[in-house]
Amino acid sequence: MAVNCKDYDFSQIEPHWQSFWANDDTFHADDVSDKPKYYVLDMFPYPSGAGLHIGHPEGYTASDALKRFKKSQGYNTLHPMGWDAFGLPTEQYAIKTGQHPASTTAQNIQRFRAQLEQLGFTYNWDREINTTDPHYFKWTQWIFLQLFKHGLAYVDEKPVWWCPALSTVLANEEVIDGKSERGDHPVERRALRQWVLRITTYAEKLLEGLDDLDWPDSTRRLQKNWIGKSHGAEVDFALEDLPDDTLTVFTTRPDTLFGVTYMVLAPEHPLVDALVKADKAAAIEQYRQAAARKSDLERAETAKEKTGMFTGAYAINPINNERIPIWVADYVLMSYGTGAIMAVPAHDERDYAFAQTFDLPIKRVIGLKGKEPELPFVAEGHMLHSGEYDHLPSAEGKQKIIAALQAQHRGKATVNYKLRDWLFSRQRYWGEPFPIMWVTPEDYAALVATDTSVFKNLLPEQAVTCNMHGSPYCAVPVPPGHLPLPLPEVESYQPSGSGESPLAHAQDWLHIHLHIATGDTRPANGQSPEPGWIAAQRETNTMPQWAGSCWYYLRYVDPRNTDALIGTAKERYWGTPDLYIGGAEHAVLHLLYARFWHRFLFDIGVVQDPEPFKKLFHQGIILGEDGEKMSKSRGNVVNPETIIADYGADALRMYLMFLGPLAAMKPWNTQGIEGIARFLRKTWREYIDTEGSLNGKIKAQHQDDAETLKVLHETIKKVTDDYEGLQFNTAISQMMICLNRLAKVEQFSRTTAETFLQLLAPLAPHIAEELWQRMGNPASIANAPWPTHDASKIVSDQIKIIIQVNGKLRGELQVPKSISKEDILSLAKTQDRVASNLADKSIVKEIYVPGKIVNFVVK
Ligand code: ANZ
């Protein structure tokens with residue numbers, strides 16, 4: 001049923017077709033099929049209270065268009081949507097209003113979903129997921145338990161931001177310039193018990209895997225730098241006062257060993273206490289405490305003024321036995337390499353700045369082809385003032401020095417990664433609870449010794465342990481049969497004053513008795529456990545928001561499976577997404593974490609491919625009309641709902657794709673959307689007359705003229721290629737050319753009319769569907785097979801000309817058939833290889849065989 005309107009009334013047409021697609025389930029994805037599959041994935045949104053912003057429909061229009069296009073090409077398509085719904089703003093709203101985060105989340109999701117439907121996005125809503133739904137996070141918890149069992153999860157004391165005034169842990173984004181965002185109170189670093197995932201075990205695989213991915217180069221480069229593989233050496237320095245100890249440093253430049261003028265230990269380095277002279281101990285302790293209040297990021301900043309203190313102790317340079325003073329300074333991080341460096345101020349920027357601040361000697365040991373470039377000189381060059389190594393290229397010297405040190409057992413070649421293990425816990429309410437219980441080492445031993453225990457195959461080879469209130473505890477997993485472990489109800493979403501998460505308020509949930517054989521639990525109620533039961537305390541940390549988004553694309557394939565994360569047959573059919581579209585702000589962490597989990601799931605046999613996202617595309621940021629970032633304070637925010645009300649969803653969709661290349665950053669332009677709206681109204685008029693009937697121009701039996709057919713087939717070809725390559729703006733330009741042709745001729749054929757609608761449908765599906773129906777075709781237009789172009793209709797008026805000099809091939813040119821002899825000859829002379837062959841020669845004759853060859857005869 002079409003809509004009854006004479007003019008292009010999108011406010012009637014669009015809702016009509018949106019409910020048609022939903023009721024008809026037009027875009028249903030079959031679980032398995034004989035058809036080839038096409039899975040296009042959007043980065044799922046955080047359902048914030050603010051609703052959709054204009055950046056959402058940009059990427060989502062591209063993916064929706066691609067899905068519609070691929071369906072017409074005969075694919076079984078999957079285009080799902082869900083909600084990355086755990087998150088800080090929802091928790092803060094809960095703290096402020098007392099409203100349960102789950103109900104806020106549900107409201108926000110409803111609003112988001114309605115907004116997405118208004119845009120004509122036909123997601124596979126029967127596969128919708130929500131990371132905060134216990135049916136979903138059961139499997140997030142399950143993956144964590146696999147990581148735990150395989151020794152990839154451990155507990156460590158790690159520094160977090162702590163605000164004494166608010167007595168709470170703060171996230172990085174809640175700390176601004178060393179003050180709490182809320183209340184502007186000072187914050188400090190404080191070590192808390194945290195879960196950590198051993199992503200570093202996967203560093204090499206994550207690096208190697210990048211090579212085969214069809215990703216933007218910049219994103220691959222960012223991942224590579226984040227993993228940060230450095231080739232270098234560990235060098236052992238003897239200590240003047242501690243003959244039994246050595247000071248080992250990591251350096252990427254062993255070739256600068258002769259230029260070392262001081263050493264630096266990180267303030268946390270274990271040798272500091274032993275090395276520091278008594279008269280300096282108090283001052284160094286104070287320095288150390290100040291350093292503890294800074295984050296690694298802050299300490300590593302090159303621009304920061306350098307601070308440090310001399311310990312009074314000396315090391316011995318293994319290459320020349322020089323005495324080197326040892327300093328403590330916070331620009332050296334305990335978390336990288338060995339936590340100690342040999343400083344070469346002549347060839348390292350930070351060492352140079354430090355040496356200048358503290359007036360330490362600077363010794364040049366690398367030069368450039370006999371020259372002495374300005375210091376610090378950090379590039380490679382030739383070695384100077386380096387004894388027997390003088391004049392060697394630094395790369396060669398590096399290898400020779402490593403070999404020499406190795407021979408004397410004073411060093412060895414090593415590789416270091418910047419990548420750190422992943423701090424995987426938060427002291428928050430609104431996150432996945434860890435499916436972990438803590439028991440005493442004695443009870444753990446009893447559990448391990450019980451053959452009939454449900455825990456038998458769930459424990460890591462080495463127990464995961466931690467200290468709580470001064471006593472040791474061992475981690476026991478919640479058995480998979482008892483998952484999901486839901487969040488407890490709490491009275492306050494405020495963190496506990498001791499830095500534990502709000503989960504610590506739920507006393508009945510926290511203190512339990514655990515049945516050794518079955519894994520059953522019940523509240524401890526202050527009682528001692530009965531025989532067969534042991535006392536346990538639940539983990540109160542929750543997982544970070546990253547957890548749920550690490551694997552969601554797998555769950556869409558099999559969202560209601562209660563027995564497995566994903567069923568094997570479905571996984572074999574759907575594999576991983578064929579295309580992933582989302583913002584470049586996720587270029588590092590989300591993509592790296594997801595790749596880590598996916599590779600792990602591959603290693604334990606859950607998935608068939610080692611990489612989750614073979615093809616990735618980032619949509620560009622849309623700026624305000626003033627060319628600035630959209631922001632409430634600037635008042636330049638474009639609200640999708642207003643645009644839809646004024647122009648319709650089709651106009652918004654098309655305009656978002658017409659703004660410029662999808663990947664480009666581009667400003668919004670209100671005049672531009674007017675242009676698109678005109679194009680849609682003009683399309684309507686070519687098909688529907690002012691009475692609301694089919695336009696008499698469209699004739700079933702009409703034979704289109706050659707020019708019309710040429711434009712049409714060019715359009716089929718261009719639009720098909722452009723959709724495939726996500727070049728929607730140029731596809732639209734071509735459709736405009738095609739429409740102009742249709743408007744110009746007196747009549748055009750029904751086939752042409754239908755083909756044009758099919759090309760338009762992926763981007764402007766409502767109007768295309770409406771006109772398709774009014775032409776008497778059954779909905780949906782998406783079910784009609786995609787048109788293919790007829791090459792013979794596109795007779796090119798370009799010809800290829802061969803260019804010769806003295807009969808030898810020197811180039812070729814694509815030119816219009818009608819080109820004049822003068823033009824082709826002068827154009828030919830500008831070709832690189834032609835010009836070089838004409839240089840210093842005189843032309844005797846210029847021959848042009850029209851449409852074929854230019855030949856210059858020279859001597
Ligand atoms: C001597 C040297 C001379 C260095 C020179 C550089 C240039 P990447 O490439 O990032 O791996 N370094 C080592 N451990 C450190 C730590 N824990 N904190 C701060 N700096 C550390 O950098 C490795 C270089 O960073 C190492 O090589 C070391 O300085 C420094 F002309 O050693 B180099």
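This section describes the domains, sheets, cavities and a pocket of a predicted protein model.

Residues are numbered from 1 along each chain as its sequence is written, and side-chain values use heavy atoms, with hydrogens and water left out. Because the model is predicted, local features require pLDDT of at least 70 and side-chain atom pairs count only at pLDDT 80 or more, whereas totals for chains, interfaces and linings use all residues.

The domain assignment of the protein chain, whose bounds come from an automatic or database source, gives domain 1 (153-197), domain 2 (229-417), domain 3 (640-793) and domain 4 (796-858). The C-alpha centres of domain 2 and domain 4 are 63 Å apart.

Helices (H or I, at least four residues) and strands (E, at least two) are DSSP runs numbered from the N terminus, and two strands are taken to pair if DSSP finds at least two bridges between them. Strands of a sheet pair through backbone hydrogen bonds, either parallel or antiparallel. An open sheet of six strands has the order β21-β22-β20-β25-β23-β24, with antiparallel pairing. Its edge strands are β21 (465-468) and β24 (521-523), each of which pairs on one side only. From one strand to the next, the twist averages 45°; axes are lines fitted to C-alpha atoms, for helices over the stretch in contact, and angles run from 0 to 180 degrees between N-to-C directions. Within this sheet, β20 (residues 436-439) and β22 (residues 471-477) are joined in the antiparallel sense by four bridges, and Met437 stands opposite Val476 in β22. Helix α13 (residues 441-449) lies across β20, β22 and β25 (533-538), and runs at about 35° to β22. Contact here means heavy atoms within 4.5 Å.

A second open sheet comprises four strands in the order β33-β32-β35-β34, and its pairing is mixed. Strands β33 (808-816) and β34 (843-849) stand at the edges with a single partner strand each, so one side of each is left without a neighbour in the sheet. The twist in this sheet averages 15° from one strand to the next. Six bridges connect β34 and β35 (residues 853-858) in the antiparallel sense, and Glu846 has Phe856 of β35 as its bridge partner.

Strand β5 (residues 153-163) pairs with two strands discussed here. With β9 (residues 188-197), β5 forms 10 bridges in the antiparallel sense, and Trp161 stands opposite Arg189 in β9. With β6, β5 forms three bridges, again antiparallel, and the bridge partner of Trp161 in β6 is Leu170. The hairpin of β5 and β6 has four residues between the strands, and Ser167 takes a positive phi near 40° in this hairpin.

Grid points are joined across faces, edges and corners, and a volume is the space filled by probe spheres set on the points. A search of the whole structure finds three cavities of 30 Å³ or more.

The largest cavity has a volume of about 80 Å³. It is lined by 13 residues, of which Ser72, Ala761, Pro762, Ile781 and Ala782 are the closest to its centre. Helices α2 (55-72) and α25 (765-774) each supply at least two residues of this lining. Its residues divide into eight nonpolar, three polar and two charged, where Ala, Val, Leu, Ile, Met, Phe, Trp, Tyr, Cys and Pro count as nonpolar, Asp, Glu, Lys and Arg as charged, and the others, Gly among them, as polar.

The second largest cavity holds about 40 Å³ of space. Its lining residues include Gln92, Ile95, Glu174, Arg182, Arg428 and Pro495. Strand β6 (168-170) gives the most to this lining, with three residues, and α3 (88-97) supplies at least two. The lining has four nonpolar, two polar and three charged residues. Leu170, the β6 partner of Trp161, is one of the residues that line this cavity.

The second largest pocket contains about 320 Å³ of space. Of its 17 lining residues, Leu192, Arg193, Met468, His469 and Glu500 are the closest to its centre. Strands β9 and β21 each supply at least two residues of the lining, and the largest share, three residues, comes from β9. By class, five nonpolar, nine polar and three charged residues form this lining.

Conventions. 1 Å grid on protein atoms, 1.4 Å probe; cavity = no way out; pocket = protein on both sides within 12 Å on 5 of 7 lines; lining within 4 Å.
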